[in-house]
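Please take a moment to look through the sequence and the model below, and then follow the strands step by step with the text.

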Amino acid sequence: VETDKATIEWEAQEEGYLAKILKGAGSKDIAVGTPVAVLVEEAGSVSAFKNFTGEGAPAATAAPAAAPAAPAPTAAAPAKPSGASFPPHQVLNMPSLSPTMSQGNILEWKKKVGDSVAPGDVYCEVETDKATIEWEAQEEGYLAKILKGAGSKDIAVGTPVAVLVEEAGSVSAFKNFTGEGAPAATAAPAAAPAAPAPTAAAPAKPSGASFPPHQVLNMPSLSPTMSQGNILEWKKKVGDSVAPGDVYCEVETDKAT
């Protein structure tokens with residue numbers, strides 16, 4: 001069952017100039033990790049990417065396109081009650097909130113155990129190596145357990161950090177929940193932490209292809225359940241300067257399935 005969709009703004013974490021848009025407005029079902037744009041350090045480098053397609057680029061940049069990375073870790077599907085007697089719930093894993101994020105620190109929880117959660121509510125503030133970003137909820141429910149409290153550092157993308165339940169009456173069942181011994185559908189991510197979400201390629205050095213130093217921006221995982229998204233509208237055009245916090249584009253995702 002597919003629920004209604006959410007639209008999320010993809011914010012820049014680095015400064016530079018948008019040199020090429022590889023996936024234009026209206027592009028649909030773009031898998032997480034797919035190259036969608038190119039960022040350069042200098043305005044004078046933009047013109048070099050006029051005919052850039054992502055193919056034939058220096059190895060450091062072309063690698064993600066040649067072998068698309070696996071979708072970023074997703075939150076576990078709601079688990080059915082089992083021998084462990086846990087009510088239906090969803091384990092919320094640390095999401096990749098930017099193209100280059102592989103881990104983050106939780107600065108402050110905006111929700112406490114027992115609070116109701118609606119799409120757009122902020123779970124917590126997450127600090128990456130680039131910026132502090134608000135992690136917004138995409139599903140409704142009740143926060144039943146916080147597994148990684150405020151001040152937790154270097155939490156790898158895909159690590160369980162909290163539990164969401166459907167009914168307020170289910171919250172108390174997770175008082176002593178640690179993530180261990182949970183039903184298999186929920187425990188799997190904890191038992192075998194997923195690899196970090198795909199990151200944008202490191203700035204490439206000029207090579208035989210004569211591309212100036214640049215960074216390929218891959219479709220990020222903007223929510224715990226996102227594996228692909230649609231680009232609704234670009235807020236930046238080729239040649240525009242980009243600063244941390246600027247919005248690249250609006251991305252439509254499925255809130256959950």
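In what order do the four strands of the open sheet stand? In this predicted model, the order is β13-β4-β2-β15, and the pairing is antiparallel. The strands β13 (214-218) and β15 (241-242) stand at the edges and have a single partner strand each, so one side of each is left without a neighbour in the sheet. Between strand β2, which covers residues 16-21, and strand β4, which covers residues 35-40, the antiparallel pairing runs over four bridges.

Strand β5 (residues 89-93) runs antiparallel to β12 and is joined to it by five bridges, and Leu92 has Ala162 in β12 as its bridge partner. Strand β10 (residues 141-146) also pairs with β12 in the antiparallel sense, here over four bridges, and Lys145 has its bridge partner in β12 at Val163.

Finally, turn to the surface, where Glu9, Glu11, Glu134 and Glu136 gather in a patch of negative charge. The elements that give two or more residues to this negative patch are β1 (5-11) and β9 (132-136). Glu11 belongs to strand β1, and because its relative accessibility is 34%, Glu11 counts as partly exposed, a class that lies between buried, under 20%, and exposed, over 50%.

Note on methods:
Residues numbered from 1 in each chain as written. Predicted model: local features only at pLDDT ≥ 70, side-chain atom pairs only at ≥ 80, totals over all residues. Heavy atoms only, no water. Pairing = 2+ DSSP bridges. Patch = residues over 30% accessible without salt bridge, like charges linked within 9 Å, V, L, I, M, F, W, Y side chains within 5 Å. Areas by Shrake-Rupley, 256 points an atom, 1.4 Å probe, with all protein chains shown as cover. Salt bridge = Lys/Arg side-chain N within 4 Å of Asp/Glu carboxyl O. Lys, Arg positive; Asp, Glu negative; His and termini not counted. Charge placed at Lys NZ, Arg CZ, Asp CG, Glu CD. Buried < 20%, exposed > 50% of the residue type's maximum accessible area, 1.4 Å probe, protein only.
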